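Hello,

Here is the structure I said I would pass on. Please open it before reading the rest.

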Amino acid sequence: MGAVGADPAVGAVTADPAVEAAGADPVVEAAGAVTAGPAVGAVTDGPAAGAVGAAVRAEPFGVRADGSPVAAEPDAPTAGTPPTVRDPGAASTREAAAPDRSGARAPAHRAAFTGGDQVRPATGAPTAAARRGGAPGRGAADPGPSGQLPGAAPRTGAHPDTADLADLAGGGLARRATADPLFRLVAYALEAAHGRPPAAVWSAPYAFRLGSPGLVAAAGWPTAAAAAPRDDGLVRLSSLGHPADSCDLPLTLSGPLPDAPAWAVRPYTVLRALARAGYGRGGTDLHVQGSLTGAAGLATAEPADCAVALAVTDVHAAPGERPDRVFLAQLLAGALPEGDDGLRRAVFHARPGRALLLGARPRRRRYVAFDPAASGARLVLMAVRGEAADHPRELARAVSCARRAGALSAWQPGRRPGRSLLVLLPETRLAAVRSAVAEDFRGRDRPVPRFLNIAVAGAARREE
C-alpha cells in the first residue's frame, strides 16, 4: 500500500487570517508528510510483535507539512499569574463565523458500539452541535479561555436559595425538554443527590492523540460536571457511575486525603488544588458523569478532570468572569502529574475539524486541518475485549484484518498501549472492515471488538 499523504481527510496546515499578524512560527521544521510516530509502533510490543506486528505499523498519516504558517492565537503573558479577561457573553467574530468543518454526524450516545455485545454509555443523545459533527465545541455562550486572577476573592457568603439557583443556567437544564439528555441528567442528579440544583453544568470532550507526534484532537463524546457553591467548607461528591459511593468530605488544603471512595479521590484532588488557588474554599456540591466507560478505550480521567475544574472555577468566580483554561491546564498538570497534559489541552482548546499541535507556549495555539468526513473517510475507535495480557495480540490481529479490508492506518489514542486503536478508513469500506474483523474473531471464538464512530469535535463548554 502506498503512502496516504495525499488523502484529503487531513488537509494542509493553514493560516488563520485573523491572527496572521501575531507572528506565528511555522508548524514544522521540515516539509513532507508527518509520519506515524512511536505511539503507533508501541502497539506491536508484546506477544504479537513477531507474528503480525507489521500489520499494525501505520503508513504516513497524511498531515501535510508544507511549512506554511498555522492558525495561532495572539501571544499572552505566560509569566506569573494569568491576566483577568472579561467575558462579554458572546463568541468572537472569528469564532462565531467559523463553519463547522467536520461534516460528520456524531453517533447517538445510545448506540455507541457495534459488533459483538453492545456496551452502551450511561445516557443521552448528542447535542444539536454534536449532530453537526462539532460538539462539544465552543459556542456563543462560551467564547473560550478567560477568567480572573488566581487567588482572587471567590464568591463567598451564603449561597443562593434553591429558587434562585433554579433560575441559573445550570439549574434550568434538568427541566428543559430541548436540552441534551446527558446534561439534563447530570443537573437532575446533583439536585437529587444534594438537594439543590447546579449553578453551572460544563461538558468536556474525550480527547485522543493522532498518529503523528505532537497532534491531539477531541472526540464528539462528552463528560459532564454539574456544580453548586457552598460556604461551609464541605465537599459533596456524587456520580451515576458510582451510585452507592457518594460522599461528604471536609475540604482541606493540605495533609493526607480524607477517607473517600476510590472514584472520588481524583475529583477531590482537583478541588483541593483549586481551593489552594483561591477557587471554592467554601466547598462545592459536585456531580460528574461521562457518556463513555473505560471499555471504549479512550482516556476517561482527563476529560473528567477538565470538566470538574471548569465547573468549580465557574461557580466560584466573580460574576461575568470565566475560567482561564491555560491556567487550569497548568494547575491540573501540577496536581495530577501522572495524567496526559496533551489530552487536557485538547479538551480545553480543540476545534471541530482541526487537530491541535502541541507546543511549548500554551497561549499560542496552532492547528492542523484534520477532517476525515470532509473527504469521505471515517475515523473509528476499535476496542478489543478479554484479558489485558491478550490486548496487544488481539489488536494486532484486528488491525491486520482491517488493513486487508481497506483500512488506511491505525494508531494508539493515548501515550501508552491499551485496549483500543483509532482506525482511519474510506467510508465506503466501513462495513467491509467491520465484517472482516467480526468474522475473524468469531471464527476463533473470541469476543468481537467494539467499534465507536469518532467525530472531530470542539472544546469544553458551559451548557446553557
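Below is what was found, first for the chain and then for two places in it.

Please keep in mind that this is a predicted model. The chain has 464 residues, of which 56% count as buried. It contains 13 helices and 16 strands. Among the contacts with a separation of 6 or more, 77% are between residues 24 or more positions apart. The chain exposes about 17500 Å², and carbon and sulfur atoms supply 54% of that area.

The helix to look at is α13, residues 430–443. At 1.5 Å a residue, its 14 residues should span 20 Å, and this agrees with its end C-alpha atoms, which are 20 Å apart. Which residues of α13 are buried? They are L430, V433, R434, V437, A438, D440 and F441. These residues cover an arc of only 165° around the axis, so they lie on the same side of α13. The cover over them includes β11 (377–383), α12 (391–404), β13 (420–426) and β14 (450–453). On the face turned away from the buried side, α13 carries the exposed residues A431, E439, R442 and G443. Just after α13 comes D445, with a positive phi of about 55°.

The other place is S291, in the loop between β8 (283–290) and α9 (301–316). Is S291 buried or exposed? Its relative accessible area is 0%, and buried means under 20%, so S291 is buried. A polar atom of the S291 side chain lies 2.7 Å from the backbone oxygen of P222.

Regards

Methods
Residues are numbered from 1 along each chain as its sequence is written. This is a predicted model: local features need pLDDT of at least 70, side-chain atom pairs count only at pLDDT 80 or more; totals for chains, interfaces and linings use all residues. Side-chain values use heavy atoms; hydrogens and water are left out. Helices (H or I, at least four residues) and strands (E, at least two) are DSSP runs, numbered from the N terminus. Buried means under 20% relative accessible area, exposed over 50%, partly exposed in between (1.4 Å probe, protein chains only). A polar contact is a pair of N or O atoms within 3.5 Å; within protein, one must be able to donate a hydrogen and the other to accept it, and residues adjacent in sequence count only if both atoms are side-chain atoms. Contact means heavy atoms within 4.5 Å. Accessible areas come from the Shrake-Rupley method with a 1.4 Å probe; for residues, only the protein chains shown count as cover. The expected span of a helix is 1.5 Å times one less than its number of residues. The arc is that of the directions from the helix axis to the C-beta atoms.
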